[in-house]
Amino acid sequence: MYINILGYGITNKALVTLLNKHNIICHIYDDRYENDEIDSIGNSYQSFKKVATLRTKNPNGDTNLAIISPGIAPDSTFLSYFKNIMSEYDFIFHIKKGIYSIWISGTNGKTTTTEMLSCMLEAKSGGNIGTPLATLFMQDFNDTQIDVTQCDRMQNQVYDVVSKQDSKAIWVLETSSFTLHYTHYALPNIYILLPLSQDHISWHGGFESYIADKLKPLKYINDAKEPKKHYALIPQELMQYEVAKDIINNTKANVMLYTDSNMLYSYLQCEKKYVECFKEPFRLDFLVAASGMRFGNIDFKINNILEYKIGAYRMEEHVKHGLLFINDSKATNPHAVLSALHTYKQYRIYLILGGDSKGAEMGMLYPFLQENGVKVFSIGKDGGMIADECKAKNIWVKECVSLDKAMESIYSKLREDYLLDSIKDIETCCNDTNKPIVMLSPACASLDQYSSYKERGDRFNMLIEKVFG
């Protein structure tokens with residue numbers, strides 16, 4: 001017997017390690033392999049292009065279990081060849097019952113909320129960006145034997161809930177919409193959904209399809225043995241969409257609808273010092289995490305949050321010659337950018353926008369950019385589109401194509417706007433009403449020009465020194 005591995009990124013590499021440890025061979029498909037390869041263990045490596053050849057030999061397709069990388073688009077033609085596709089979540093929660101899990105999803109803030117919650121619970125975290133579930137499994141259940149013979153599609157199975165007290169492990173999992181799309185069996189004990197905005201629209205095929213995937217756990221909880229032992233914290237604003245209203249009104253789970261930080265602060269009734277640790281949007285991330293635990297009747301150590309520090313690439317601040325730079329490279333959709341813009345609205349903002357928009361519309365940004373006189377420097381694959389839309393709205397814009405060019409253009413524009421011989425004079429010529437700020441908050445994915453938002457963010461930090469130093 002073998003298991004098909006569709007896509008060979010961080011998630012599935014960990015799964016192959018786990019399966020090989022239990023003497024299970026894998027057939028690995030990834031387009032990085034131009035030629036067929038076989039390693040010393042017996043795993044085969046081949047391109048998805050090979051599926052066309054396999055289909056001629058076996059027109060009925062491959063019925064062996066196939067575990068899919070969550071990033072693979074559901075309309076990929078080769079997927080029809082594999083008749084038994086399962087997500088990483090479905091596989092891990094099938095081979096090991098009794099894991100108490102809390103899933104965090106949403107458009108922005110998933111990583112921060114996951115980190116905050118694992119800090120207050122003193123629990124392990126993983127998922128979307130972090131430790132793969134297979135690695136968590138090997139850490140916590142190293143001696144568990146794996147039986148894959150019963151791994152079918154599992155649509156007719158029900159989830160066996162476990163209490164926090166009875167669980168050997170507690171996992172806090174950052175969970176993407178891609179993972180939720182392919183997951184049909186595994187369920188969280190507590191599901192925390194952060195606000196949603198347009199993201200990955202081209203992948204999901206529309207905003208309502210994106211919402212439906214984000215709310216899938218509420219649908220499948222209805223098939224659980226004890227639905228009332230599952231809890232969910234959901235944004236109230238989703239009730240304006242029929243697809244969300246139908247799912248939320250018909251779930252058997254305990255659901256709490258929330259509006260904003262003020263509402264959650266009133267519900268939580270915690271000391272003010274905890275809320276004042278963070279400015280928005282991080283304040284909402286904290287309050288959603290803590291309120292989710294209160295709603296689910298789970299003890300947590302709120303005092304631990306005083307030690308938490310916001311991670312890199314999310315409204316990360318740097319100062320050079322008195323000039324403030326904001327590295328918000330992780331803001332890959334317009335909603336995240338709007339949060340950052342409101343946080344720094346007291347400044348004159350020089351904003352770098354662009355990359356791969358993934359089909360998301362930028363319209364929600366333009367009223368703020370207009371009203372606050374933001375100067376836009378567009379980059380990347382959709383930089384031309386952004387520049388054209390800004391011009392149509394009478395927003396100052398310069399199409400720069402690259403991040404390097406954008407930073408050089410900002411340097412020149414600052415000198416022009418503030419009549420400077422040297423950028424080092426910026427601090428002495430500004431008062432509280434006209435302080436400038438340079439912000440990388442691109443509203444777009446980075447993969448058109450970089451390997452990740454981290455590489456893009458690192459380049460921005462380097463250019464602060466190179467251009468402004």
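Let's start with strands β7 (residues 100–105) and β9 (residues 170–174), which pair in the parallel sense over five bridges. Two strands count as paired here if DSSP finds at least two bridges between them. The names come from DSSP runs numbered from the N terminus, with helices being H or I runs of at least four residues and strands being E runs of at least two. Within this pair, I104 stands opposite E174 in β9.

Before we go on, a word on what you are looking at. This is a predicted model, where local features need pLDDT of at least 70, side-chain atom pairs count only at pLDDT 80 or more, and totals for chains, interfaces and linings use all residues. Residues are numbered from 1 along each chain as its sequence is written, and side-chain values use heavy atoms, with hydrogens and water left out.

Back to β9. Strand β8 (residues 124–127) also runs parallel to β9, and four bridges join them. There, S125 has V172 as its bridge partner in β9. Is β9 mostly covered or mostly exposed? Mostly covered: four of its five residues are buried. Buried means under 20% relative accessible area, exposed means over 50%, and partly exposed is in between, using a 1.4 Å probe and protein chains only.

Now please turn to the start of the chain. An open sheet of six strands has the order β3-β4-β2-β1-β5-β6, with mixed pairing. Its edge strands are β3 (37–38) and β6 (85–86), each pairing on one side only. Strand β1 (residues 2–6) runs parallel to β2 (residues 25–29), with five bridges between them, and I5 stands opposite I28 in β2. On the β4 side, β2 and β4 pair in the parallel sense over three bridges, and the partner of I28 in β4 is Y45. The antiparallel case I'd like to show is β3 with β4 (residues 44–46), joined by two bridges; I38 is partnered there by S44.

The loop between α1 and β2 deserves a stop. H22 sits in it, and H22 counts as buried because its relative accessibility is 16%. Leaving aside neighbours within four places in sequence, H22 is in contact, meaning heavy atoms within 4.5 Å, with T144, Q145 and I146. N23 lies in that loop too, but N23 is exposed, with a relative accessible area of 71%. What is the phi of N23? It is positive, about 60 degrees, although N23 is not a glycine. Most residues other than glycine have a negative phi, and most peptide bonds are trans.

Here are some other spots to look at with that in mind. Q269, in the loop between α11 (261–268) and α12, is also not a glycine and has a positive phi of about 55 degrees. Q269 counts as exposed, at 63% relative accessibility. Then there is a cis peptide bond joining E280 and P281, with omega about 5 degrees. P281 is in the loop between α12 (272–275) and α13.

Next, the interior. A nonpolar core is a set of buried Ala, Val, Leu, Ile, Met, Phe, Trp, Tyr and Cys residues joined through side-chain atoms within 4.5 Å. Of the 66 residues in the largest one, F286, L341 and L369 touch the most other members. Helix α13 (residues 282–295) gives the largest share of this core, nine residues. A second, separate core of 56 residues includes I99, W103, A169 and Y191.

W103 comes up again as one of the residues lining the largest cavity. A cavity is a set of points, on a 1 Å grid over the protein atoms alone, where a 1.4 Å probe fits but cannot get out; lining residues have an atom within 4 Å of a point. How much space lies in the largest cavity? About 50 Å³, where points are joined across faces, edges and corners and the volume is the space filled by probe spheres set on them. Helix α9 (residues 216–220) gives the largest share of its lining, three residues.

To finish, one distance: K49 and V288 are 239 residues apart in sequence and 44 Å apart in space, C-alpha to C-alpha.

Definitions and conventions
On a 1 Å grid over the protein atoms alone, a cavity is a set of points where a 1.4 Å probe fits but cannot get out, and a pocket is an open set with protein on both sides within 12 Å along at least five of seven lines; lining residues have an atom within 4 Å of a point.
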